[in-house]
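Subject: Structure handover

Hello,

Here is the structure we talked about. Please look it over, then read the notes below.

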Amino acid sequence: MPKGTNQKRKLMVLARFLQKHSDEEHPLTLGQLQEELERWNAPAERKSIYDDMEQLRQLGLDVQTRRGVGGGWFIGQRDFELAELKLLVDAVQSSRFLTQKKSSALIGKLESLASVHQARQLQRQVYVDRRIKTMNESIFYNVDRLHGAIGANRVISFHYFEMNMNKERVFRRGGAEYQVTPYGLIWDNENYYLAGWDHDREEVRHYRVDKMTDITLTDQRGRDRGSWDLEGYTRRHFGMYAGRPCQLRLRCAALLAGVFLDRFGQDIMLVPQDEEHFTVTLDLVVSPPFWGWLFGLGAQVEVLSPAWAVEEFRQRLDQVRAVYDTAKTQEA
């Protein structure tokens, strides 16, 4: 074997062995490195290994040396710190968007970015309240397909469905294809949504990706999105439900300031009314999930305007109360 070819093999074997089996707490000795090279039929003398380590450093690998008892060579800084990998593993493991099979595969790839010793620390379980992993692995690839359509500005076609009480798919619009120019993908409440221009309804709408099927990239060029703002669209839609847009003005107890800033961002204006109350005007789409969230805040929030929103909230409260009034009458 030519000398140059053997040298390339040595460097590759050493680099892979160091990345997989060494870290600051587990340096590799000269003997271990020579044994690995022998296994790959690329024997090396002591002095040449020192030269190889220097070449690996020059190639950008952070090869560190520790002298004395328990010393040896190891990889110092990696592309991802162990704490960063733990964070990524937790995110993958807790995501409902990914199937258990896909989660395990991704975590395995993340583990390969650490040493085998560090990887053991990544094999952990994360408890997430009410987590239910999706059963549809095609979502993973649908998201990638949608990103491609957004980048190419192409119209997509797909079918959209809901699940009935028999756990069967029921397709919307009688099974007709949707024609949509995709504008952007939104991650909200553990679900992926596609926002885009619906060519049949002639308006911007959003769709849950796990309810989309038969996604096809067409040859039709997409509609220009103009000044449409993905962040603003997401902020206005509470829980990604459709509803009636408005400028909703609320009167709130002062202790709820943090609640509103956490939910609607630091840009909203809280106008002090007195020492115990403030008013806030929200640009949003009023929907059932929003009313449910507002109801959870109880008497600490009052809807001030517009008038139709005040009346709608009052009617919803009356409807809920009527259910319990009826039940109480029947029990009597």
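A residue counts as buried under 20% relative accessible area, as exposed over 50%, and as partly exposed in between. Arg208 has 22%, so Arg208 is partly exposed. Keep in mind that this is a predicted model.

Salt bridges

The structure holds 13 salt bridges. Arg208 takes part in one of them, where its side chain meets that of Asp210 at 2.6 Å, N to O.

Asp200 sits in the loop between β6 and β7, and Arg173 in the loop between β4 and β5, so the pair ties together parts that are 27 residues apart in sequence. Both ends are partly exposed: Asp200 has a relative accessibility of 49%, and Arg173 has 27%.

Another lies within a helix. The side chains of Arg316 and Glu312 meet at 3.4 Å, N to O. The two are four residues apart in helix α11, so about one helical turn separates them. Arg316 is partly exposed at 31%. Glu312 is partly exposed too, at 24%.

There is also a network of salt bridges, which links Glu162, Arg172 and Lys211.

Backbone

Which peptide bond is cis? The one that joins Ser305 and Pro306, with omega at about 0°. Pro306 is in the loop between β12 (301–305) and α11 (307–331).

Please also check two positive phi values. Arg173 has phi near 55°, and is a residue other than glycine. Glu202 lies in the loop between β6 (191–198) and β7 (203–208). Its relative accessible area is 59%, so Glu202 is exposed.

Largest pocket

The largest pocket has a volume of about 720 Å³. How many residues line the largest pocket? There are 27, and Arg205, His206, Met240, Tyr241 and Ala242 lie nearest its centre. β3 (154–163), β5, β6, β7 and α8 (230–236) each supply at least two lining residues. β7 gives the most, with six.

A buried phenylalanine

Is Phe290 buried or exposed? It is buried, because its relative accessible area is 0%. Phe290 belongs to helix α10 (residues 288–296). Leaving aside neighbours within four places in sequence, Phe290 is in contact with Phe238, Leu248, Phe264 and Leu284. Gly243 is 47 residues away from Phe290 along the chain, and their C-alpha atoms are separated by 9.7 Å.

Surface patch

Phe80, Leu88 and Leu113 form a nonpolar patch on the surface. Together they have about 220 Å² of accessible area. Leu88 is in helix α4 (residues 82–94). At 33% relative accessibility, Leu88 counts as partly exposed.

Where to look

On the backbone, start at the cis bond between Ser305 and Pro306. Then turn to Arg173, with its positive phi. For the pocket, begin with the lining residues from β7. For the interior, go to Phe290, which is buried.

Best wishes

Definitions and conventions. Residues numbered from 1 in each chain as written. Predicted model: local features only at pLDDT ≥ 70, side-chain atom pairs only at ≥ 80, totals over all residues. Heavy atoms only, no water. Patch = residues over 30% accessible without salt bridge, like charges linked within 9 Å, V, L, I, M, F, W, Y side chains within 5 Å. Areas by Shrake-Rupley, 256 points an atom, 1.4 Å probe, with all protein chains shown as cover. Salt bridge = Lys/Arg side-chain N within 4 Å of Asp/Glu carboxyl O. Buried < 20%, exposed > 50% of the residue type's maximum accessible area, 1.4 Å probe, protein only. Contact = heavy atoms within 4.5 Å. 1 Å grid on protein atoms, 1.4 Å probe; cavity = no way out; pocket = protein on both sides within 12 Å on 5 of 7 lines; lining within 4 Å. Points joined across faces, edges and corners; volume = space filled by probe spheres on them.
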